[in-house]
Amino acid sequence: SDDHERNTTPMSSTLVANRLAEVLPAIAEGADGVDHDGRFPVAQIKGLADSGLMGLLLPTEVGGLGGGPVELVEALSAVASACGSTSMVYLMHLSASAVISAAPPSDGGVDLLAELAAGTKLSTLAFSEKGSRSHFWAPVSKGIRGPAGTVAIGADKSWVTSASTADVYVASTLAPDATGMTESDLYVIDRRDPGVAVLGSFDGVGLRGNDSAPVRLDVEVADGSRLGDEKAGFGLMMQVVLPWFSVGNASVSLGLARGALEQAIAHASGARLEHLDSSLADLPTIRAYLAKAWADLAAHEALLKETAGRVAAPDDGTVLAVLATKAACNEAALRITDTAMRVAGGAGFSRQLGIERLARDARAGFVMAPTSDALFDFAGRALCGMELF
């Protein structure tokens, strides 16, 4: 049965496509309203949950789909083309659930993974802090050892996606006896804990429904809610979160770019210059713009596909590929959506085509930690054989 298949069969690209086909029309239909009203995409996320796609990266043993990097790229690119806000919420859930799966907490980890796979609980990352900004790998907060295997955490987390909507955060802090920025811990924190305070609501240029906001944590957590061993947080961030998030973020960027370019092509092919009895596509300059943007998109989709393969089967070039791919795809999305806006002219600047929404959403990728500038620097260090940290 299909229900049996959802729970026990590892995911394939064909099955991803079939599941996406079920939910993408509704996601796309609601995208303008999510953007215009700045509201969280509740129905869209429920649709992904009902399709089983919230468990895309989780093992079949907990009800997940057993997908990998290739399926991640396919799913996030398609969702982003339909609705950027939904894709960012989805990306953060997938990234958080992947690291929870890699090192489940000893207290209730299996049950939590089952809930994440079913989509009955939504997860997100709470890494970046006010004091270290986009250097998400370097928390300035530090746990304080408490009685009976507990740790007190006081942290100002900045721009947590799904801040007031997620059920659980994966939050970072320096270990109680840490002596350097790499000696950190990751904890699962219930968003409804009375020590969690969401500070405001999001009102931004793009991704307007992603519910991103600063969060203040004043919580006491048990050792059993920690992911992995003590001081394993930095390793989990670098070895699990960074590759999954970077590939996923690049997928979102290229999905937004593809959506904008396809709209621009359709507009150029259909819009008429009646006094000349021709279409916009009859103008050589328009065709050249579209062709260059298509080549840019195709090249970066190929780069992303190669990097996804390297994440699935790591080699000596995987770290460099991961670092460079997010930055390169973020920058490509800026160029391609700019071209789509230029080609569509006044219609592109209106809400008529949806291009301006995709273009605004595409601005988020290159400033999301780790930023494009930071990643290009790290990639350059890797190329030159230098230490990254």
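Before the first stop, sort residues into classes: Ala, Val, Leu, Ile, Met, Phe, Trp, Tyr, Cys and Pro count as nonpolar, Asp, Glu, Lys and Arg as charged, and the others, Gly among them, as polar. The model is predicted, so local features need pLDDT of at least 70 and side-chain atom pairs count only at pLDDT 80 or more, while totals for chains, interfaces and linings use all residues. Residues are numbered from 1 along each chain as its sequence is written, and side-chain values use heavy atoms, with hydrogens and water left out.

**Stop 1: the sheet**

Helices (H or I, at least four residues) and strands (E, at least two) are DSSP runs, numbered from the N terminus. Two strands pair if DSSP finds at least two bridges between them.

Select β2, β3, β7 and β6. These four strands form an open sheet in the order β2-β3-β7-β6, with antiparallel pairing. The edge strands are β2 (144–145) and β6 (196–198), and each pairs on one side only.

Now select residues 150–160 and 213–222. They are β3 and β7, which pair in the antiparallel sense over nine bridges. Which residue in β7 stands opposite Ala-155? It is Leu-217. Next, show Gly-154; its bridge partner in β7 is Asp-218.

Move to the other side of β7. Three bridges join β6 to β7, and these two strands run antiparallel. Show Ala-197 and Arg-216: Ala-197 stands opposite Arg-216 in β7.

**Stop 2: two helix pairs**

Two packed helices are described by the angle between their axes and the distance between the axes. Axes are lines fitted to C-alpha atoms, for helices over the stretch in contact, and angles run from 0 to 180 degrees between N-to-C directions. Angles under 35 degrees count as roughly parallel, over 145 as roughly antiparallel, 65 to 115 as roughly perpendicular and the rest as oblique. A crossing is left-handed if the near helix is turned anticlockwise from the far one by less than a right angle, and right-handed if clockwise.

Select α5 (residues 84–102) and α6 (residues 109–118). Their axes come within 10 Å and cross at roughly 155°. That angle makes α5 roughly antiparallel to α6. The crossing of α5 past α6 is left-handed.

Select α2 (residues 13–37) and α4 (residues 69–82). Here the axes come within 8 Å and cross at roughly 20°. Therefore α2 and α4 are roughly parallel to each other. Their crossing is right-handed.

**Stop 3: the cavity**

On a 1 Å grid over the protein atoms alone, a cavity is a set of points where a 1.4 Å probe fits but cannot get out, and a pocket is an open set with protein on both sides within 12 Å along at least five of seven lines; lining residues have an atom within 4 Å of a point. Grid points are joined across faces, edges and corners, and a volume is the space filled by probe spheres set on the points.

How many cavities of 30 Å³ or more does the structure hold? There is one. The largest cavity has a volume of about 50 Å³. Select some of its lining residues, including Met-88, Leu-207, Asn-249, Asp-361 and Met-368. The largest share of the lining, four residues, comes from α7. By class, the lining has seven nonpolar, three polar and one charged residues.

Stay on Leu-207, in the loop between β6 and β7. Its phi is near 45°, a positive value in a residue other than glycine. Most residues other than glycine have a negative phi, and most peptide bonds are trans.

**Stop 4**

The largest pocket holds about 880 Å³ of space. Among its 36 lining residues, select those closest to its centre: Ser-158, Trp-159, Val-367, Met-368 and Ala-369. The largest share of this lining, five residues, comes from β3. The lining divides into 21 nonpolar, eight polar and seven charged residues.

From Ala-369, step to Pro-370. The peptide bond between them is cis, with omega near -5°. Pro-370 is found in the loop between α11 and α12.

Finish at the second largest pocket, with a volume of about 290 Å³. It is lined by 18 residues, and Met-238, Gln-239, Leu-242, Pro-243 and Val-319 lie nearest its centre. By class, this lining has 15 nonpolar, two polar and one charged residues.
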